[in-house]
Amino acid sequence: MLRLEKLVKTYRTGDQALKAVDLVVPEGQVLALIGPSGAGKSTLIRCINRLVEPTSGKVWLGDTELTHLSSGALRRERRQMGMIFQEYALVERLTVMENVLSGRLGYVGFWRSLTRKFPQSDVDEAFRLLDRVGLLAMADKRADELSGGQRQRVGICRALIQNPKLLLVDEPTASLDPKTSRQIMRLICELCAERGLAAIINIHDVALAQMFVQRVIGLRFGAVEFDGPPDALTPDVLTRIYGEEDWEATIRKVEDEDAEAAE
Ligand SMILES: Nc1ncnc2c1ncn2[C@@H]1O[C@H](COP(=O)(O)OP(=O)(O)O)[C@@H](O)[C@H]1O
Ligand SMILES: [Mg+2]
């Protein structure tokens, strides 16, 4: 459903953030994109919905090639791509409900969005989503009254109310404590499975990625260094992606967490 062909991004500073990345993501597949800071993870997902303009290469979403679309056509295609951010990107002074509904702005007309009059069907769907993520009671709270984990749940609802086919998720747990991180990763992956959504989840926590996804892409210096199942992330592979470190400790951590989950 998503296909990147020789995607290149060179920033004006001369930084080569992506060097001819080829990637195919089938419908409904959830994959983790790992790699050290500066590897190009954020650039890659932002080139997909053109928050960052690729320098060259192609992005296919289904039968549509995105890099040549006019702004109107791009806006329509972007509805199919929900985004979830590390810092949540909520509007602090708006309520939880209003933040979720803002995910519909790609659909409702401009005047309607100014007065924030959303169709009842959107409001109903927002309630359903908030209920699903355990935030129904919080609908009228202001975003700035929520904890980090709750904020990220709102961010997830805002992405899902767009009714996307693909989720682009940038370090969803980087601002959260370890337990909340695991809950949020589990929630995102469950929701993708329930709705048949594909997702690219940027995450630098290898152990967390290994716990929840079937496919891992390792990026290094803007190039794909690894593409395979989480089990194949051996210390050698991790050294190729990240450089020297004590990877046995990381892998042990995954085994401990598995044991903990089985208890
Ligand atoms: N707006 C920008 N202008 C110039 N260089 C950038 C910009 N954004 C990112 N870069 C550079 O591109 C490379 C990849 O960055 P990024 O995609 O943010 O990596 P990651 O998300 O894996 O940490 C880095 O070298 C970074 O410094
Ligand atoms: Mg990043």
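Where does R142 lie?

1. R142 is found in the loop that joins α5 (120-132) to α6 (148-160); helices (H or I, at least four residues) and strands (E, at least two) are DSSP runs, numbered from the N terminus. The structure is a predicted model, in which local features need pLDDT of at least 70, side-chain atom pairs count only at pLDDT 80 or more, and totals for chains, interfaces and linings use all residues. Residues are numbered from 1 along each chain as its sequence is written, while chains are lettered from A and ligands numbered from 1 in the order in which they are written.

2. R142 counts as partly exposed because it has 16 C-beta neighbours inside 10 Å. On this scale a residue with 20 or more other C-beta atoms within 10 Å of its own is buried, one with 12 or fewer is exposed, and one in between is partly exposed, with C-beta atoms placed from the backbone. Not counting residues up to four places away in sequence, R142 touches R93 and T95; contact requires C-beta atoms, placed from the backbone, within 7 Å. M97 is 45 residues from R142 in sequence, with a C-alpha to C-alpha separation of 8.8 Å.

3. As to overall composition, the protein has 10 helices and 10 strands. Of its 263 residues, 37% are buried. Among contacts with a separation of 6 or more, 69% join residues 24 or more positions apart.

4. The largest nonpolar core contains 70 residues, and V100, C157, L167, L168, I188, A199 and I201 have the most contacts inside it. Such a core is a set of buried Ala, Val, Leu, Ile, Met, Phe, Trp, Tyr and Cys residues joined through C-beta atoms within 7 Å. Because domain 1 (1-80 + 168-176 + 198-263) and domain 2 (88-163) both contribute residues, this core lies between them; the domain bounds come from an automatic or database domain assignment. Leaving aside neighbours within four places in sequence, the contacts of I201 include V30, V169 and I188.

5. In helix α9 (residues 235-242), the buried residues are L238, I241 and Y242. They line one face of the helix, because they fall within an arc of 75° seen down the axis of α9, the arc being that of the directions from the helix axis to the C-beta atoms. D236 and T239, on the other side of α9, are exposed.

6. Helix α1 (residues 41-48) gives the most to the shell around ligand 1, with 3 residues. Residues around this ligand include Y11, D15, K41 and T43, where a residue qualifies if its C-beta atom, placed from the backbone, lies within 6 Å.

How values were computed. Two residues are in contact if their C-beta atoms, placed from the backbone, lie within 7 Å.
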